[in-house]
Amino acid sequence: MKHFGTKVIRTGQLMLRELDIEDAPALYRNWGQYAASTAGLRLEPFTARRQMRDYIDRAAKRYKNPNFYCWVITIAESEDPVGIAGMNIVSASDEVGSLFVSIGEPFADKGYAAEALRAIIDYAFRDIGFNRIEAHSTPGIGISAELMKQCGLNCEGRARQRYKTGTGFEDCDVYAILRGEYGAK
């Protein structure tokens, strides 16, 4: 694998790029203040713009690392930030990454999450050289399962008590796609 970091990715409707401190007010307004938007990332909703600035500042410090992948999702024509997406490296030696995406509640159901994930999957396989891309979804949230399927990931099963949240341990469904499967689609 060859890591390039969080590079700008353009799609039909979106531009994915590094977070910038100037994004704080709009990202707070469009994404961070909504519990439904941040819950999937196990984040509490942001209650003040300052919290958003701190979140962006922490991410910005990590962009120097070529194996850090975190994008702000913006609408291409307006550059308004509507969410975040990224990929964590699960195992460099096994060439496995794990996706995450979160779109602000006012921008849900517009296809932005699927478009962003498909672009990141393409970048991960074609440019970086991952062999396996995973994503996790809370069981019972149909939109998450549908999103994974739209992006070509297959459900591999349920990981019991995989995550600890404020309400206790929670299960998650594991989805994945392999480089060989991606090339065949």
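Is Arg126 buried or exposed? With a relative accessibility of 60%, Arg126 counts as exposed, where exposed means over 50% relative accessible area, buried means under 20%, and partly exposed lies in between (1.4 Å probe, protein chains only).

## What you are looking at

This is a predicted model, in which local features need pLDDT of at least 70 and side-chain atom pairs count only at pLDDT 80 or more, while totals for chains, interfaces and linings use all residues. Residues are numbered from 1 along each chain as its sequence is written, and side-chain values use heavy atoms, with hydrogens and water left out.

## Overall architecture

The protein has six helices and eight strands. Both kinds of element are DSSP runs numbered from the N terminus: helices are H or I with at least four residues, and strands are E with at least two. Reading from the N terminus, the order is β-β-α-α-α-β-β-β-α-β-α-β-β-α.

What radius of gyration does the protein have? The value is 16 Å, which agrees with the figure near 16 Å for a compact globule of 185 residues. That radius is taken over C-alpha atoms, and the globule rule is 2.2 Å times the number of residues to the power 0.38. Along the principal axes, the C-alpha atoms fill a box of roughly 40 × 35 × 30 Å.

## Burial, contacts and surface

Of the 185 residues, 45% count as buried. Contacts here are heavy atoms within 4.5 Å. If you take the contacts between residues at least 6 apart in sequence, 61% of them join residues at least 24 apart.

The protein exposes about 9,700 Å², and carbon and sulfur atoms supply 45% of that area. Accessible areas come from the Shrake-Rupley method with a 1.4 Å probe, and for residues only the protein chains shown count as cover.

## The enclosed helix α1

Helix α1 spans residues 24–32, and seven of its nine residues are buried, so it is largely enclosed by the rest of the structure. The buried residues are Ala24, Ala26, Leu27, Tyr28, Asn30, Trp31 and Gly32.

What do these buried residues pack against? Their partners are α2 (35–38), α3 (49–62), β3 (69–75), β4 and β5.

## Charges and salt bridges

One joins Arg179 and Glu95, at 3.5 Å from N to O. This pair links distant parts of the chain, with Arg179 in helix α6 (residues 179–184) and Glu95 in the loop between β4 (81–91) and β5 (96–103), 84 residues apart. Arg179 is partly exposed at 32% relative accessibility, and Glu95 is partly exposed at 24%. Next comes Arg126 with Asp122, whose closest N and O atoms are 2.5 Å apart. Both lie in helix α4 (residues 112–128), four residues apart, about one turn of the helix. While Arg126 is exposed, Asp122 is partly exposed at 26%. Lastly, Arg132 meets Glu134 with closest N and O atoms 2.9 Å apart.

Which backbone angle stands out at Glu95? Glu95 has a positive phi of about 60° although it is not a glycine. Gln161 also has a positive phi, of about 50°, without being a glycine. Gln161 sits in strand β7 (residues 154–165) and counts as exposed at 53% relative accessibility.

Asp127 belongs to helix α4 and is partly exposed at 43% relative accessibility. Leaving aside residues up to four places away in sequence, Asp127 touches Lys2, Phe4 and Asp122. Its C-alpha atom is 26 Å from that of Asp80, 47 residues away along the chain.

Terms used: A salt bridge is a side-chain nitrogen of Lys or Arg within 4 Å of a carboxyl oxygen of Asp or Glu.
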